[in-house]
Amino acid sequence: MAAIGLFLLVALLLASSAAACDRCVHQSKVAFFSKAQALQSGACGYGSLAIGFNDGRIAAAAPSIYKDGAACGACFQIRCDDKKICSEEGATVVVTDRNHDNATDLVLSSRAFAAMANNGMGPQLLKLGLANVQYRRVPCDYKKKNMAVRVEESSQKPHYLAIKLLYQGGQTQIEAMDVAKVGTPNWNFMGRNYGAVWDTSRVPEGALQLRFVVTAGFDGKMYWAKSVLPADWVNGAIYDSGIQITDIAQEGCAICDDGTWKH
């Protein structure tokens with residue numbers, strides 16, 4: 001796909017994106033899963049990798065946050081309201097699943113839920129089972145770890161390629177992706193299959209390069225991973241993209257742009 005075609009598609013996608021401001025502070029309730037393994041079968045498709053993210057502080061998000069999978073891997077800071085139990089800093093969680101319960105915006109792993117508490121107060125907070133909270137999106141910080149690409153087991157070389165992205169930093173969402181053989185300009189579009197999984201039935205031969213367009217600033221930004229998958233890529237393997245995403249999307253949300261906590 002030509003570069004101009006990719007960016008035309010991205011412009012349409014960005015224009016149709018939800019107008020909600022991720023940086024706003026929202027008020028809601030959160031519950032928790034008694035076992036983090038409940039999030040392994042999550043809608044993002046991370047599987048057993050999920051419980052290894054962020055030291056197990058992960059969450060399932062309501063559809064308004066999940067955004068058909070665009071929020072998979074997004075980070076949110078959550079503070080509970082009970083000042084006797086809850087810390088000022090709260091906890092940062094990574095979205096790995098979709099929450100189908102309309103009673104709460106987020107359902108956390110028990111480790112994430114307890115992490116909202118002051119030192120030594122985690123068990124007391126867990127006993128509540130449900131907590132009033134404030135939350136806002138924050139940048140994901142994976143330090144010096146590059147974004148990684150995992151080839152899904154459903155891939156069938158040379159007819160079908162499915163991948164998922166791991167360690168997407170910053171405060172962005174991926175809007176478009178395409179793939180080409182290393183050293184060629186012949187790009188093929190990849191679509192979001194579900195959650196964090198992207199796929200294509202037009203798989204180039206040889207080693208593969210990828211391009212990503214992410215929300216960044218008030219517009220979009222392209223990243224080019226010039227050599228990601230080797231010619232002998234295999235299902236289940238994880239490959240280093242060689243790039244780090246650190247951008248922050250700036251939606252038009254002047255009313256709450258400072259992200260100040262409500263109390």
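Ser 155 sits in the loop that runs between β7 and β8. The model is a predicted one. With a relative accessible area of 5%, Ser 155 falls under the 20% limit and is therefore buried. Leaving out residues up to four places away in sequence, Ser 155 touches Tyr 160, Leu 161, Ala 162, Trp 233 and Asn 235.

The loop between β7 and β8 also holds Pro 158. The peptide bond leading from Lys 157 into Pro 158 is cis, its omega being near 5°. As a rule, most peptide bonds are trans, and most residues other than glycine have a negative phi.

Two residues other than glycine have a positive phi here: for Asn 54 the value is near 55°, and for Lys 67 it is near 50°. Asn 54 belongs to the loop between β1 (26–33) and β2 (58–61), and its relative accessibility of 26% makes it partly exposed. Lys 67 belongs to the loop between α2 (63–66) and β3.

**Disulfides**

How many disulfides does the model contain? The count comes to three. They are listed here with their S to S distances and the torsions about the S-S bond.

| Pair | S to S distance | S-S torsion | Hand |
|---|---|---|---|
| Cys 44 and Cys 72 | 2.1 Å | -90° | left-handed |
| Cys 75 and Cys 140 | 2.0 Å | 115° | right-handed |
| Cys 80 and Cys 86 | 2.0 Å | about -120° | left-handed |

The disulfide of Cys 75 and Cys 140 links distant parts of the chain, 65 residues apart: Cys 75 is in strand β3, and Cys 140 is in the loop between β6 (130–138) and β7. Strand β3 covers residues 75–80. Cys 75 is buried at a relative accessible area of 6%, and Cys 140 is buried with a value of 6%. Apart from neighbours within four places in sequence, the contacts of Cys 75 are Thr 92, Val 93, Val 94, Arg 136, Arg 137, Val 138, Pro 139 and Cys 140. For Arg 137, which is 62 residues from Cys 75 along the chain, the C-alpha atoms of the two are separated by 5.9 Å.

In the remaining pair, Cys 80 and Cys 86 are both buried.

In soluble globular proteins, nonpolar side chains tend to be buried together. The largest nonpolar core of this model has 26 residues, and Leu 161, Ile 163, Phe 212 and Leu 229 have the most contacts inside it. Two or more residues each come from β7 (148–151), β8 (161–166), β9 (174–181), β12 (208–216) and β13 (219–229). β12 gives the most, with five residues.

Ile 163 touches Val 149, Arg 150, Val 151, Glu 152, Met 177, Met 190, Ala 196, Val 197, Trp 198 and Leu 210, residues up to four places away in sequence not being counted.

**A buried polar residue**

Asn 188 is part of strand β10 (residues 188–194) and is buried, at 12% relative accessibility. A polar atom of the Asn 188 side chain lies 3.1 Å from the backbone oxygen of Arg 202.

Methods
Residues numbered from 1 in each chain as written. Predicted model: local features only at pLDDT ≥ 70, side-chain atom pairs only at ≥ 80, totals over all residues. Heavy atoms only, no water. Core = buried A, V, L, I, M, F, W, Y, C linked by side-chain atoms within 4.5 Å. Buried < 20%, exposed > 50% of the residue type's maximum accessible area, 1.4 Å probe, protein only. Helix = DSSP H or I, 4+ residues; strand = E, 2+ residues; numbered from the N terminus. Contact = heavy atoms within 4.5 Å. Polar contact = N/O pair within 3.5 Å; in protein donor to acceptor, adjacent residues only side chain to side chain. Disulfide = S-S within 2.5 Å.
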